[in-house]
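Subject: Handing over the two-chain model

Dear colleague,

I am passing the structure below on to you, together with some notes on what was found in it. Please read the notes with the structure open beside them.

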Amino acid sequence: MKPEVQLKLQAYLDGELSSGEAKAVADLIARDAEARALLAELTHTCSALAGFEAESKLPESGEFYWSKIARDIQRQERRSPERSPASIFALLRRFAVPTSVLVALLLGLLVVKQQLGFDHRFAVLETDTAQVDAGTFTYRDFASGTTLVWLSYPAENEFAETDPAGTINWE
Amino acid sequence: MADKDHSATDDAVLVRAAQQGDMRAFEELVARHRDKIYARAYSMMRNEEEAVDLSQEAWVKGWQRLAQFQGDSSFTTWMTRITINLCLDQLRRKKRHRTESIEEMDEESGGVERQMPIVMVNPTERLERAELRVRIDLALSQLSESHRTVLVLHEFEQMDYKTIAKTMRCSMGTVMSRLFYARRKMAALLRDLQKSG
């Protein structure tokens, strides 16, 4: 008997087949003695197991068992006594950590790109910009001619007033 | 609260009290169901010490997660699920530290169960309940962990194939194959035990 047929027989016994499949298996059982024998064996095993799980008793006293559970609960509660701060921390960790990782990755990418592909002349220019305002971060893609300026303070500051677009004219 | 007698209180009432932080109510729940929870851990681990440790861990986790218990199932079913998951984690950890047994490799590659002769008579017929229980327990102990687990989940926990696959993190095909092997092996073991007994 093919393995798939054997598993179908088992699924039939367990009521895991659709009505169409169950009908096909029932037809097979009716005409195939081997299928009937296998089904009988599986059925005997199932009925032997049903309700005959060994009754395992806890091998130690209930008091001792509970004392260890209670001690563990108390120890873990001492470790994290307040649920609310833990939740806030979890929330912070959930959002702040991925954001920080993303920003770090972007910065790393910028540094690598600057070191690998940029003309020294432009690098000097960018350093000057950073010295002008430490709260500003500038990225310029020379290949596409794009300049991106990242301001770490609100747009109404003096730098933004002089240049509403928030970009630096490098030339 | 500490002196309150909970012995006649319903499980559901005890759970609600425990959810409010009443440790005595939780202690009563542990006292009522500790044997069942331990028995499930033992049926999966087949080791008293591990079963005690894991069942205790399950109770600690149960206390910590009580707020999540909505009463969709009985409290014991919920606790049993926690226990099963802890046992499965432990079995996975142990498995990572050793190579697969020949038996398990056989199963993956098509299996010896395909060639086993069919047991024609019911090997458990005319056995006393206590005797049958002992033989089943002995036969179960001779199965590999993965086969025993799938059998326990299906026959004793009444889980369907899909739930077992989800719980054991494997495919439905693997569940069916393992269950088939486990049953055929059980039939052979029970027959052998009948012969030797």
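The notes below go from the contact between the chains to the helix packing and then to single residues.

This is a predicted model, in which local features need pLDDT of at least 70 and side-chain atom pairs count only at pLDDT 80 or more, while totals for chains, interfaces and linings use all residues. Residues are numbered from 1 along each chain as its sequence is written, and chains are lettered from A and ligands numbered from 1 in the order in which they are written.

The contact between the chains

The contact draws 38 residues from chain B and 34 residues from chain A, two residues being in contact if their C-beta atoms, placed from the backbone, lie within 7 Å. On the side of chain B that touches chain A, the elements giving two or more residues are α2 (23–45), α3 (48–64), α6 (129–141), α7 (145–156) and α9 (172–196) of chain B; helices here are DSSP runs (H or I, at least four residues), as strands are (E, at least two), numbered from the N terminus. The most comes from α2(B), which gives ten residues to that side. By class, the residues of the side of chain B that touches chain A are 23 nonpolar, five polar and ten charged, where Ala, Val, Leu, Ile, Met, Phe, Trp, Tyr, Cys and Pro count as nonpolar, Asp, Glu, Lys and Arg as charged, and the others, Gly among them, as polar.

The crossing of α4(A) with α3(B) is right-handed (a crossing is left-handed if the near helix is turned anticlockwise from the far one by less than a right angle, and right-handed if clockwise). From α4(A), Tyr65(A), Lys68(A), Ile69(A), Asp72(A), Ile73(A) and Gln76(A) meet Gln56(B), Trp59(B), Val60(B) and Trp63(B) of α3(B), and the residues of this contact divide into six nonpolar, two polar and two charged.

Packing around α3 of chain B

Within chain B, the axes of α2(B) and α3(B) come within 8 Å and cross at roughly 135°, and the two helices are therefore oblique to each other, with α2(B) passing α3(B) in a right-handed crossing. The residues that meet there include Phe26(B), Ile37(B) and Tyr42(B) in α2(B) and Ala51(B), Trp59(B) and Trp63(B) in α3(B). This contact has 13 nonpolar, one polar and two charged residues.

The packing of α3(B) with α4(B) is at an angle of about 130°, with the axes 9 Å apart, and these helices are therefore oblique to each other; their crossing is right-handed. Among the residues that meet are Leu54(B), Ala58(B) and Lys61(B) in α3(B) and Ile82(B), Leu86(B) and Gln90(B) in α4(B), and by class the contact has six nonpolar, four polar and three charged residues.

Helix α7 of chain B

Ten of the twelve residues of α7(B) are buried, so this helix is largely enclosed by the rest of the structure; a residue is buried if 20 or more other C-beta atoms lie within 10 Å of its own, exposed if 12 or fewer, and partly exposed in between, with C-beta atoms placed from the backbone. Among the buried residues are His147(B), Arg148(B), Leu151(B) and Glu155(B). After α7(B) comes Gln158(B), whose phi is positive, near 55°.

Single residues

Arg46(B), in the loop between α2 and α3 of chain B, has a positive phi of about 55° although it is not a glycine, and Arg46(B) is partly exposed, with 16 other C-beta atoms within 10 Å. Arg169(B), in the loop between α8 (161–168) and α9 of chain B, also has a positive phi of about 55° without being a glycine, and counts as exposed with 9 C-beta neighbours inside 10 Å.

With regards

Conventions. Axes are lines fitted to C-alpha atoms, for helices over the stretch in contact, and angles run from 0 to 180 degrees between N-to-C directions. Angles under 35 degrees count as roughly parallel, over 145 as roughly antiparallel, 65 to 115 as roughly perpendicular and the rest as oblique.
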